[in-house]
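Welcome! Here is a short tour of some annotated positions, written to be read with the model open beside you.

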Amino acid sequence: MTQALKIAVLLSGSGTNLQAIIDAVADGSLNAEIVHVVSSRPDAYGIERAQAAGIPTTVLNRDVYADREAADRRIVDATRAAGAEYLVMAGYMRMVTPVILQAFPDRVLNLHPALLPSFKGAHAIQDAFEAGVKVTGVTVHFANEEYDKGPIVAQRAVPVLEDDTQDDLEARIHEVEHELYPEVLRWIAAGRVSVGEDRKVHVAPEA
């Protein structure tokens, strides 16, 4: 087996996508090691998930983010020291600065609960639901300097059912997130993902 992909996870909330990645590593379906977890909030439940799995954490707060670039330098220092090759944003509610993007070029992943470029921003599920669309979904993309506009790695559709409440739709979107994010990380761990000169992501067929 090839060497495990070393990742650091950035989060701000409950950490369900972190848990999905932890579980995929634990069951052997993902050849990766989570070397560090960074939380933008000291009350995020994702910190407890990380600690339960024995993963070192860095916990920031609103005061630290008063200087966004200084905060991102702390993140770069902590994740590099841990040996991270990729940063994986999983419900991380802060836009990263060039400090992080230049330290990990085309190696900062983000998960968005809609089919980009539709429904950008922090309220994507609500916006899609209120717009009355019949299909929404999940996007995994590389972060860049523009919010929710980096090169798209993968997307998966989620139908909006006639009797859905917003909570129903959100629950099904999260289920897809928990499947798709580890799958994309499996592609990366296998060396199948690259960003071309056209700034489009290319995924090589499975060997």
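Is Asn110 buried or exposed? In this predicted model, Asn110 is buried because its relative accessible area is 11%, and the cut-off for buried is under 20%. The residue sits in strand 5, which covers residues 108-112. Beyond its sequence neighbours within four places, Asn110 is in contact with Met89, Thr139, Val140, His141, Asp148 and Tyr181.

UniProt, in an unreviewed entry, lists Asn110 together with Arg68 under "binding site". From this set, Asn110 is part of the lining of the largest pocket. Arg68 belongs to helix 3, residues 68-81, and is partly exposed. Leaving out neighbours within four places in sequence, its contacts are Met95, Val96 and Thr97.

A further "binding site" listing in the unreviewed UniProt entry names Gly15, Thr16 and Asn17. Gly15, Thr16 and Asn17 are included in the lining of the largest pocket. Gly15 lies in the loop that links strand 1 (5-11) to helix 1 (16-26), while Thr16 is found in helix 1. Not counting residues up to four places away in sequence, Gly15 touches Gly46 and Arg49; on that basis, Thr16 touches Arg49 and His178.

Here are the accessibility values for four of these positions:

| Residue | Relative accessible area | Class |
|---|---|---|
| Gly15 | 9% | buried |
| Thr16 | 29% | partly exposed |
| Arg68 | 42% | partly exposed |
| Asn110 | 11% | buried |

Conventions:
Residues are numbered from 1 along each chain as its sequence is written. This is a predicted model: local features need pLDDT of at least 70, side-chain atom pairs count only at pLDDT 80 or more; totals for chains, interfaces and linings use all residues. Side-chain values use heavy atoms; hydrogens and water are left out. UniProt positions are given in the numbering used here, feature names are shortened, and annotations may be inferred rather than shown by experiment. On a 1 Å grid over the protein atoms alone, a cavity is a set of points where a 1.4 Å probe fits but cannot get out, and a pocket is an open set with protein on both sides within 12 Å along at least five of seven lines; lining residues have an atom within 4 Å of a point. Helices (H or I, at least four residues) and strands (E, at least two) are DSSP runs, numbered from the N terminus. Buried means under 20% relative accessible area, exposed over 50%, partly exposed in between (1.4 Å probe, protein chains only). Contact means heavy atoms within 4.5 Å.
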